[in-house]
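The sequence and structure come first.

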Amino acid sequence: MTAPAAGAPLVLPVGQYLGALVPAAGAAVRGHRVRVGEQVHLLADGPEFEVWSLAHGVPRLAGLLPHDSAQLVRLARAIDPAEVERLLAGLAGRGLVALVDPADPAGFAGRHRWYSLLGGLGQQESGNCGLGLVGSPPVREVSPRVYEFWSLAPLFADLSAAAGFLAEAAGADPDPEPAETDPDRVLTDVVGWLHDLLCVSAGWLDVRLDAGSAR
Amino acid sequence: MVALLPLGNSPEDPHAWALGLPGQPLVHVEDTVHEVVVLGHLDADLWTTVQQVATSSGPSGAAPEPRTLLGRVLDALPTLLSVGAVHLDRAVPRTVAQ
């Protein structure tokens with residue numbers, strides 16, 4: 001992944017998309033529901049939802065360019081840049097977007113966790129691993145390390161714990177790669193992988209539910 | 001646990017909730033079954049989610065009895081599983097690292 005410009009936080013969407021909400025037959029879409037933790041938010045149909053959607057990244061760019069606010073402004077061409085920034089700030093204030101310093105993701109990673117969507121299609125001819133629907137071509141191919149994260153991270157309470165497990169597992173390899181056994185470096189990798197998965201709805205970020213608040 | 005993206009309902013049939021890929025609905029389920037599907041990951045087992053949804057469906061009086069709702073979920077499962085909209089796992093705490 002290309003290193004972001006200094007001082008440019010990554011823009012990461014938070015919440016489980018629950019779809020468009022139509023209140024009654026023949027009615028217009030009232031908004032889009034997104035659940036964060038135990039709270040369901042309604043995003044206005046239009047620029048607000050568009051900005052939240054674009055925070056997931058786009059498949060042709062994910063993993064190639066840093067997904068910071070400048071990138072998001074470029075993608076949201078139909079919306080005035082100042083309005084994009086205003087909407088981003090509002091979404092961040094509601095916990096629907098996280099602005100993350102890629103060089104210091106520990107705080108974010110300790111407060112957020114990962115849930116996966118789609119099916120795992122295993123290793124493909126490319127050597128990468130497929131995600132998608134069984135019996136169909138992959139929706140996206142990701143590296144084996146990203147695939148391992150996608151398959152295991154839902155088991156952990158937060159991203160830091162998931163990264164720690166991946167680092168420990170890598171250390172058990174007969175010939176471990178040092179960078180893959182350092183939890184801090186793995187966590188940096190994990191944060192860099194998220195848009196690779198988010199851009200095709202292969203999962204979502206949610207807040208960490210502490211034991212006391214879990215249902 | 002849900003495995004496809006919830007896409008919401010539509011003006012044509014507001015009681016049918018779609019799951020699929022972005023812009024590509026693959027299966028529809030009714031309101032309360034949909035709630036169980038999209039909330040299932042929060043609980044340690046399916047029965048707990050069914051009970052939660054049955055007791056929190058709002059004051060409209062439309063909330064089914066838990067066993068009735070469980071029956072609807074079980075009826076929907078073959079279709080949901082066949083398109084990869086959900087997956088089942090053992091009833092153990094999903095979070096192994098607190």
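By class, the residues that line the largest cavity are four nonpolar and three polar, with no charged residue among them. This is a predicted model. The lining residues are A:Gly57, A:Val58, A:Leu61, A:Ala62, A:Leu65, A:His67 and A:Gln71. The space inside the largest cavity is about 40 Å³, and the count of cavities of 30 Å³ or more is one.

The largest pocket has a volume of about 520 Å³. Its lining has 31 residues, and those closest to the centre of the pocket are A:Tyr17, A:Ser201, B:Leu5, B:Leu7 and B:Pro22. Both chains contribute secondary structure to this lining. From chain A, strand 2, helix 1 (47-54) and strand 10 (203-207) each supply at least two residues. Strand 1 of chain B gives the largest share of the pocket lining, with four residues. The pocket lining divides into 18 nonpolar and 13 polar residues, and no charged ones.

The table sets out the two spaces.

| Space | Volume | Lining by class |
|---|---|---|
| Largest cavity | about 40 Å³ | four nonpolar, three polar, no charged |
| Largest pocket | about 520 Å³ | 18 nonpolar, 13 polar, no charged |

The contact between the chains is described next. The size of an interface is often given as the accessible area lost when the parts come together. Between chain A and chain B the buried area is about 2600 Å², and carbon and sulfur atoms give 60% of that area. Chain A brings 31 residues to the contact and chain B brings 31 residues.

How many salt bridges are counted between chain A and chain B? The count is one, and the side chains that meet in this salt bridge are those of A:Arg33 and B:Glu35, at 3.6 Å from N to O. Polar contacts between chain A and chain B come to seven residue pairs, with both residues at pLDDT 80 or more.

On the side of chain A that touches chain B, strand 2 (16-21), strand 3 (31-36) and strand 6 (112-116) of chain A each supply at least two residues. Strand 2 of chain A gives the most to that side, with six residues. By class, the residues on this side of chain A are 21 nonpolar, five polar and five charged.

Key:
Residues are numbered from 1 along each chain as its sequence is written. Chains are lettered from A and ligands numbered from 1 in the order in which they are written. This is a predicted model: local features need pLDDT of at least 70, side-chain atom pairs count only at pLDDT 80 or more; totals for chains, interfaces and linings use all residues. Side-chain values use heavy atoms; hydrogens and water are left out. Contact means heavy atoms within 4.5 Å. Buried area is the accessible area (1.4 Å probe) that two parts lose on being put together, summed over both. A salt bridge is a side-chain nitrogen of Lys or Arg within 4 Å of a carboxyl oxygen of Asp or Glu. A polar contact is a pair of N or O atoms within 3.5 Å; within protein, one must be able to donate a hydrogen and the other to accept it, and residues adjacent in sequence count only if both atoms are side-chain atoms. Ala, Val, Leu, Ile, Met, Phe, Trp, Tyr, Cys and Pro count as nonpolar, Asp, Glu, Lys and Arg as charged, and the others, Gly among them, as polar. On a 1 Å grid over the protein atoms alone, a cavity is a set of points where a 1.4 Å probe fits but cannot get out, and a pocket is an open set with protein on both sides within 12 Å along at least five of seven lines; lining residues have an atom within 4 Å of a point. Grid points are joined across faces, edges and corners, and a volume is the space filled by probe spheres set on the points.
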